[in-house]
Amino acid sequence: MSSAATAHATHEEKLSFWRKYIFSVDHKVIAKQYLFLGMFMALVGGLLAYLLRWQLAWPETAVPGTSWVPEPTMFQGIIPPEFYNAIVTMHGTIMVFFVAMPILLGAFGNFLIPLMVGAPDMAFPRLNMMSFWTIFTASLVMIASFFVPGGAASAGWTGYPPLSAEAIYTGVNWGITLWILGLALEFSSFLMGGVNFLTTTVSMRAPGLKMMRLPLMVWMQITAAIIFMLSVGPLIAGAVLLLLDRTVGTSFYAVQKGGDPLLWQHLFWFFGHPEVYVILLPGLGAVLEVLPVFSRKPIFGYKAIVYSTIVAGVLSFIVWAHHMFVSGMNFKLVLPFSITTIMISVPFTIILLAMIATLWKGSHRFPTPMLFAVGTLGVFIVGGLTGIFLGTATTDIYLHDTYFVVAHFHYTLISATFFGGFTAMYFWFPKMFGRMMNETWSKIHFWLTLIFFNLVFIPLFKVGLGGEMRRLYNPFEYDFLKPHQPLHKFATIAAILLFASQIPFLVNFFWSMFKGKIADRNPWQANTLEWTAPSPPPHGNFETAPKVYHGPYVYSAPEIKDDWQPQHQQ
Amino acid sequence: MFDWFPQNISTYGGDIDSVFWLIFYIVGAGFILGEAVILYFTIRYRRKEGQRAAFITGEKMSELAWVLVPAAIVLVLDLGIDFAGGEAWSKVKGETPESNVKVIVTGKQFNWNMTYPGPDGKFDTSDDLTLENELHVPVKKVVDLALKSEDVIHSFFVPVMRLKQDCIPGRKIPAWFEATETGQYEIGCAELCGYGHYTMRGFLHVHSEEDYAKWILERWPPAPAADSTTVEQL
């Protein structure tokens, strides 16, 4: 191994700029490419959120800063209903598939798995490179879809036919076709990535690194990869059927010719539900790595967490129709899906309680990664608990397709992907870039994000309970919704402030990358293997291949003088 | 309690609302407890000079019980919630009770077409009448709906009835309600159906028995009698 590492290092010096930074096969470079792609797409997704939030607060008024958008997309800064539907569609699609997946799995999965298992790189470096360029192409396709005649897809990120199957219903033709193709490419990218994640974890672990000694982040990444790989097939099939209906006139979903729109819903949600756990688990993984380090205490219930994660992964495949309680599917399906949905709260309860128990009798310090870790936990609890109203079919009759759902999934998704993502970013930045971020600005970013995020979404619970339906261009056409406008204005102002609060992070991030204090190998005194490599690690990662003697969370062991013991030390 | 919902004028609305409140109190307690414990632990166990964290791994059952027992309690509460809601679900979404007030509601970009069978009580006869966006019903009578769509998926939503049901093209999906009060209430579409989704605003008119009879006479005027004088029927 060590001669391979040296050979890699020497090889690296001979690489051109293009091979070293652009078409690199090094997992760490690819991870950063995924990170920058995800961050860019987050700006696009965030811009779309700004547009829709403005429209909900001050309908049919000009959105500041957008008068340059040409007709018929916008009219002197005013959003027409067609574009509004495209905005909400693409906001969801981009955030789930082009922000959360690339950052949580593509960036942190790629960066951490080889380092955490003690490997010099992923099992298939060239496949890894191809996975990035595939999603890069997919992103171009998605962005291009805004510029084709008819504009971008506007049938919701859920794309239900017949609305999505025939252009006459939306006025969008190429946009939806490109949307399908972009998603197909994105799925391919993560299938390739999943192969690497699993193969590397299973077959390239350092000597002594048994599966039950793996850092929990690795468990989360490989479970996410497996869930993704097993669930995406049906949606790929469903997407092909939709593409065929749209382009060659088949009738898989077309009722007039014997098709069934509900088929799409089953295929979509069969994937869609496991998918939300795919993007949730890595964020939880980041929290599980950070809590022990800054509590100087072992993670509580390692085995329970691993088993709960696996159980949650399995259960995630049999809950999907809770998205379809009022869809017109056979009413008798509702009881079994309600029960499985209830059951899935158990493994997550175990994981969350294990996180809380880790805090008990610790010795906490609160640098920003720890603030975001605790923040993720606190915010995710709200998301999880509000899910119970929706998983109970009776209350879902009223709450389905209202803003209550929107608030619920933003609490679960933003906690896991944004707060979890920032937990990971602040924690591993020194390892990735060899420098420390500015701690003061990091803390400011945390508090502003926490406060403004809550101020945006708490009002949305209230408007949802008031019966406000989703995806309404102008809710105030309805008398019963007119009283909600002040809440929408409040949420929009909070959203603008939330976006503005990301500026300290962006400035801090890019400035620290070049001018931050040079980082030690192990600035946090953490036990896992990535902290034994230089910051940042060279091509090949480790000067000498590590050997592992115990699990990753030996902190404050009574028989050891230091309050930590790295995995590679006996 | 809290004034969060629109008015409820549905015979089964109370059942649905009470399941909501059951969940609310259980979940609310969980929320307060969970967040309070997190806050307490983060403050109480802050790093102190000379004090080490406890080496607790949670591998022993005596430790793990602190997680497993609450998780079991959560499971039991969740199942209880589901079964408490089960009866209400069957009532609302199960078989439509006996009714002679029948309307076919058809969603079509971007209107609700309400088709009434007319005095003969039968659909597909010459006295059928279709109105756009107006659902006229008598108070305190079961209204038997059949939901359809002519184009894309819509979702028939009557907030004050706590009723929501997707309308799928090619299908006829049953739904029902019984209004407890008269008045005029709004109907909306709860499934994205195109650029006019937000305009699918309909009105539910719940009439008293007399007003409903008047409305029927207005809409289906009785045929003139055989002789030249018209006789007003009561």
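**Confidence first**

This is a predicted model. Select chain A and colour by pLDDT: the average is 95, and 98% of the residues score at least 70. Now select residues 1–7 of chain A, where the pLDDT is below 50. Beyond near neighbours in sequence, this stretch has 11 contacts in the model. Where pLDDT is low, the predicted coordinates should not be read in detail.

**The parts of chain B**

Move to chain B and colour residues 13–93, which are domain 1.

Select residues 142–149 of chain B, strand E5, together with residues 101–108, strand E1. These two strands of chain B run parallel and are joined by seven bridges. To look at one bridge, pick Thr106(B), whose partner in E5(B) is Lys148(B).

Strands of a sheet pair through backbone hydrogen bonds, either parallel or antiparallel.

**The five-stranded sheet**

Next, show strands E4, E10, E9, E6 and E7 of chain B, which form an open sheet in that order, with mixed pairing. Which strands stand at the edges? They are E4 (134–138) and E7 of chain B. Each has a single partner strand, so one side of each is left without a neighbour in the sheet. Look along the sheet to see the twist, which averages 20 degrees from one strand to the next.

Zoom in on E6(B) and E7(B), which run antiparallel and are joined by five bridges. Phe156(B) has Gln165(B) in E7(B) as its bridge partner.

**Where the chains meet**

Last, show both chains and select the residues in contact: 76 of chain B with 79 of chain A. On the chain B side, the elements that give two or more residues are helix H1 (13–44), helix H2 (61–93), and strands E6 (154–158), E7 (163–167) and E9 (183–189). Select H2(B): with 17 residues, this helix gives the most to that side. Colour the chain B side by residue class, and 42 residues are nonpolar, 18 polar and 16 charged.

Definitions and conventions:
Residues are numbered from 1 along each chain as its sequence is written. Chains are lettered from A and ligands numbered from 1 in the order in which they are written. This is a predicted model: local features need pLDDT of at least 70, side-chain atom pairs count only at pLDDT 80 or more; totals for chains, interfaces and linings use all residues. Two residues are in contact if their C-beta atoms, placed from the backbone, lie within 7 Å. Helices (H or I, at least four residues) and strands (E, at least two) are DSSP runs, numbered from the N terminus. Ala, Val, Leu, Ile, Met, Phe, Trp, Tyr, Cys and Pro count as nonpolar, Asp, Glu, Lys and Arg as charged, and the others, Gly among them, as polar. pLDDT is the predictor's confidence in each residue, from 0 to 100. Domain bounds come from an automatic or database domain assignment. Two strands pair if DSSP finds at least two bridges between them. Axes are lines fitted to C-alpha atoms, for helices over the stretch in contact, and angles run from 0 to 180 degrees between N-to-C directions.
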